[in-house]
Amino acid sequence: MADITVTMNGKQVGGPAGITILELAKQNGIDIPTLCYLEGLPPTGSCRVCVVEVEGSRTLVASCHTPISAGMIIQTHSPKVLEARRVIVELLLASHCGTCYMCEKANICELREVAVDLDVGVPRFPIRRRFYPIEDESPYITRDLSKCILCRKCIRACNEVAKKHVYAMGYRGFDSKVVVDFDEVLNKEVCRDCGICIPYCPTGALSNPQKSRKDKKGPPLVIKG
Amino acid sequence: MTNKTTTLSKNQKLILTLLQEAQQKTGFISEEAMVGIAESLGISRSDVYGVATFYSFLSVQPQGRNVIRICKSLPCHLKNGQEIIESLEKQLGVKPGETTPDGKFSFTLTNCIGECDQAPAMLINDDVHGNLTPDKIARILKTYK
């Protein structure tokens, strides 16, 4: 395919037609943070963390789903872009349940990593949070939807990688939620022997069932006085 | 790019038509109906449930005889929509998303119904009622059985 030349951060770079701004940036060693991007799968552009400035565009565009076109002038780390990214991550954190110190993934959480890189700090916005009970019925996956940032990675991993079609987006707006069947608790009837989605989750919403919980299955020990 | 985007098959695009049919026939979309639709279109149950719960005019729970839909979008909100919602809550004794115990009214919030010029507005079944005030609502409710 014909090469397209664009200006990225003041430098002329070229790439084949049809690739996205994000892919071109990767090829040229420019690091654009992402949360919902999955290499090789169709982009959703739901997290907005990868926004970049394109001259002539009314708004910032998500680089993961915007193909390059000839003569584009792109800024990946301008002050405007960084400010937008900070607010986006801050908003994601503000509606995140916020008990990071108790979370298993605290030190490997992608959301936290992006927040640290961008110097977001503790969110300023006291917005409503979504709390859901932890779903630990399944022996393969433990789900804590309070930690979910609705990036849809697990849905795509389940549909396109595992080909199981267990998850889907349900409800609307603030009530949006990743649902299983008719909004049922994830159990081993609907989902078994897989767990492919767990490493895709950028937060601690999906995790491996902890071994320690198995030890708690025995009869309770009651100390009587 | 084009080869990467997923496209729905011609059949799968019929999902809304089928869901609307189910809604019209029984007043709500039952689990059996959703299972049937999922099987006939070859998509997962969760996808059908996702579409059915996205639209405020589709319901997955049984509804009352009359369905009240109050607009919760911005123009109605700016014209004291919240006050209307609260007064209706008081008059019916149920919260949005619930049905009165006698099965007479279901009360839900909906997105814009295109009656912004008469904000705050509501729909009861297919009838539009605009320029609402708490008193007017009481009068309107009496006309429904």
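**Loops, helices and domains in chains A and B**

Reader: Between which strands of chain A is the loop that holds A:Asn9?

Author: The model is predicted, so local features are given only at pLDDT of at least 70 and side-chain atom pairs only at pLDDT 80 or more, while totals for chains, interfaces and linings use all residues. Residues are numbered from 1 along each chain as its sequence is written, and chains are lettered from A and ligands numbered from 1 in the order in which they are written. Helices (H or I, at least four residues) and strands (E, at least two) are DSSP runs numbered from the N terminus. In those terms, the loop of A:Asn9 lies between strand 1 (3–8) and strand 2 (11–16) of chain A.

Reader: What is the phi of A:Asn9, in the turn of the hairpin?

Author: Strand 1 and strand 2 of chain A pair in the antiparallel sense over six bridges; strands pair if DSSP finds at least two bridges between them. A:Thr5 has A:Gly14 in strand 2 of chain A as its bridge partner. The hairpin leaves two residues between these strands. A:Asn9, a residue other than glycine, has a positive phi near 50 degrees.

Reader: Against which helix do the buried residues of helix 3 of chain A pack?

Author: Helix 3 (110–117) of chain A comes before the loop that holds A:Asp119, a residue with a positive phi near 55 degrees. The buried residues of helix 3 of chain A are A:Glu110, A:Leu111, A:Arg112, A:Val114 and A:Ala115. Contact here is C-beta atoms, placed from the backbone, within 7 Å. The buried residues of helix 3 of chain A pack against helix 2 (79–95) of chain A.

Reader: How many residues does domain 2 of chain A give to the contact with domain 1 of chain A?

Author: Domain bounds come from an automatic or database assignment, which gives chain A domain 1 (3–77) and domain 2 (87–210). Their centres, taken over C-alpha atoms, are separated by 26 Å. The contact takes 10 residues from domain 1 of chain A, and from domain 2 of chain A it takes 14 residues.

Reader: Which element gives the largest share of the side of chain A that touches chain B?

Author: In the contact between the chains, 16 residues of chain A meet 14 residues of chain B. On the side of chain A, the elements that give two or more residues are strand 7 (167–170) and strand 8 (177–180). The largest share, four residues, comes from strand 7 of chain A.

Reader: Why do the buried residues of helix 5 of chain B lie on the same side of the helix, and what arc do they cover?

Author: The buried residues of helix 5 (81–92) of chain B are B:Gly81, B:Ile84, B:Ile85, B:Leu88 and B:Leu92. An α-helix has 3.6 residues a turn, so residues three or four places apart point the same way.

Reader: Which exposed residues are on the face of helix 5 of chain B turned away from its buried side?

Author: The buried residues of helix 5 of chain B pack against strand 1 (66–71), helix 4 (74–78), strand 3 (105–110) and helix 6 (134–142) of chain B. The face turned away from that buried side carries the exposed residues B:Glu86 and B:Lys90.

Reader: Which strands stand at the edges of the open sheet of chain B?

Author: The sheet has five strands in the order 2-3-1-4-5, with mixed pairing. Strand 1 and strand 4 of chain B run antiparallel and are joined by three bridges. A strand with a single partner has one side left without a neighbour in the sheet, so the edges are strand 2 (98–99) and strand 5 (127–129) of chain B.

Reader: What is the omega of the cis peptide bond between B:Ala119 and B:Pro120?

Author: B:Pro120 lies in the loop between strand 3 and strand 4 (122–124) of chain B. The cis bond that joins B:Ala119 to B:Pro120 has an omega of about -10 degrees.

Note on methods:
Buried ≥ 20, exposed ≤ 12 C-beta atoms within 10 Å, placed from the backbone. Contact = placed C-beta atoms within 7 Å.
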